[in-house]
Amino acid sequence: MPLLRAARRPPLIPAPYRPLLARGPFRRLLLPVVASDLGDGMSVVTVPWLALQLAPPGWGGLYVGLAVAAYALPGALGALVFGRWVRALPARRLVVADAWLRTAMLGAIPACWAVGVLRPELYVALLTASSVLHAWGSAGRYALVAQLLPPERRLPANALVSASVSAATVLGPAVAGVLATAIAPAWIIAVDAASFALLAVQAARLGGPVPPAEPEPVDQAPPGRAAEGLRVLRRRPELLGILALTWGFNFLYGPVEVALPLHITTELHGDAGLLGAYWTAFGAGAVLGGLAAGLLRRLPLWGVTLAIVAGWGLLMVPFGLGAPAAVTVTCFGLGGLVYGPYTALTFTLFQNRTPSAQLTTVLAARSAALLTSSPLGTALGGPLTVAFAPHAVIAVSGLATLGLAVAGAAFRPWARPSGLDGA
């Protein structure tokens, strides 16, 4: 009878995820993606922390904003400048190219630190160079997911990929917060560079272009035109609506990345360990929320995304009320739980509503548009934290995000009433 009872126990891995974790190309892609996400998770703490160390007195807020923006914003420019040459490349090659570029540029940061030539301007320049292919590399990841899997398995696969990012914000900042008290943050960035080298090597071993998971539509536009991605988006107003909402959401979040470390150092008198605790709480909530995304496939996407945006904004308001660190860390964790499903849901919608031959171009256009949002917000966060108290900047960002959700509700007719797989 013990064998019978054991056979009746529910499996530890939910059914939607078991086929994805079996042997196959998706699992071979997932493992190095997790490693590179962990490296970037540590850089959430170390990139602004190193900027604070390098900045002249009184210029910390400005250089934190520049460093965080430089880590992502140039990817939007790269999506436009290099699109003519890389648009036709297989998704696998885009992932490899982005990973090797990040390896080289991020690896140069600890090298310059070691010989004593790392200045704030050089630091920002290296971060800028590391991100110029970011839009195409991100598009390549999710295009590979769409190529490797049939439509019914894409949402749980996207949930795993996005949960990897969230899990990295649990482990990465916690490890970086401890290490940053003992070693220079430049050496932690070296680990990020090594993680991208692993991704480049493993992605290159996936082999040639993966055949599409579904037949090509007969009415697809000829590939290679500069306006191809925008043309596809114009024919799908629900994609444009979600893209606009996401842009505003990320933009209003940007000042939080600048204000949070300054709130900790100048108002709470904390250190890198406390900053790591905030991001660990966020990541823990986001992992749980992200893995729950597979349960939301039949819900109206527009309503779910509006609820996520409003929930995040509401949870930032306590910062402006003078709440103690224990309360705001809890709010940050709940914010991660609310935000968790957002990435998987929106990427699945793009994958299922875009012809596979155009998917990389459309996702690159999406990434390029979004890469301008959060970095612009962080760039704005620098002067805002100089002019106003950091806790006030975080609270106002939350209130503005609530307003965005209200404004988005006015455009709800754009969204289709069906779930992700509806017509």
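The legends below describe close-up views of a predicted model. Local features are given at pLDDT of at least 70 and side-chain atom pairs at pLDDT 80 or more, while totals for chains, interfaces and linings use all residues. Residues are numbered from 1 along each chain as its sequence is written, and side-chain values use heavy atoms, with hydrogens and water left out.

**Figure 1. Overall make-up of the chain.** The secondary structure consists of 20 helices and 0 strands; helices (H or I, at least four residues) and strands (E, at least two) are DSSP runs numbered from the N terminus. The chain has 423 residues, of which 54% are buried. Buried stands for under 20% relative accessible area, exposed for over 50%, and partly exposed for values in between (1.4 Å probe, protein chains only). Among contacts with a separation of 6 or more, 86% join residues 24 or more positions apart, a contact being heavy atoms within 4.5 Å.

**Figure 2. The salt bridge between Asp37 and Arg141.** The whole structure has 3 salt bridges, each defined as a side-chain nitrogen of Lys or Arg within 4 Å of a carboxyl oxygen of Asp or Glu. In this view the side chains of Asp37 and Arg141 meet with an N to O distance of 3.3 Å. Asp37 belongs to helix H3 (residues 25–54) and Arg141 to helix H9 (residues 134–148), so the pair ties together parts that are 104 residues apart in sequence. Asp37 and Arg141 are both buried.

**Figure 3. Surroundings of Ser36.** Ser36 is located in helix H3 and is buried, with a relative accessible area of 0%. Its side chain makes a polar contact with the side chain of Arg141 at 3.1 Å. A polar contact is a pair of N or O atoms within 3.5 Å; within protein, one must be able to donate a hydrogen and the other to accept it, and residues adjacent in sequence count only if both atoms are side-chain atoms. Leaving aside residues up to four places away in sequence, Ser36 touches Arg141, Asp192, Ser195, Phe196 and Leu199.

**Figure 4. The salt bridges of Arg102 with Asp40 and Asp98.** The closest N and O atoms of Arg102 and Asp40 are 4.0 Å apart. This pair links distant parts of the chain, with Arg102 in helix H7 (residues 91–114) and Asp40 in helix H3, 62 residues apart. Arg102 and Asp40 are both buried. The salt bridge between Arg102 and Asp98 also has an N to O distance of 4.0 Å. Arg102 and Asp98 are 4 residues apart in helix H7, and therefore separated by about one helical turn. The relative accessibility of Arg102 is 2%, and Asp98 is buried at 7%. Through shared partners, the salt bridges join Asp40, Asp98 and Arg102 into one network.

**Figure 5. The largest cavity.** The structure contains 4 cavities of 30 Å³ or more. A cavity is a set of points, on a 1 Å grid over the protein atoms alone, where a 1.4 Å probe fits but cannot get out, and lining residues have an atom within 4 Å of a point. The largest holds about 1500 Å³ of space. It is lined by 50 residues, and those closest to its centre are His134, Val165, Glu257, Tyr339 and Ser374.

**Figure 6. The loop residue His269.** His269 lies between helix H13 (237–267) and helix H14 (272–291). Its phi is near 55°, a positive value in a residue other than glycine. His269 is exposed, with a relative accessible area of 65%.

Notes: 1 Å grid on protein atoms, 1.4 Å probe; cavity = no way out; pocket = protein on both sides within 12 Å on 5 of 7 lines; lining within 4 Å. Points joined across faces, edges and corners; volume = space filled by probe spheres on them.
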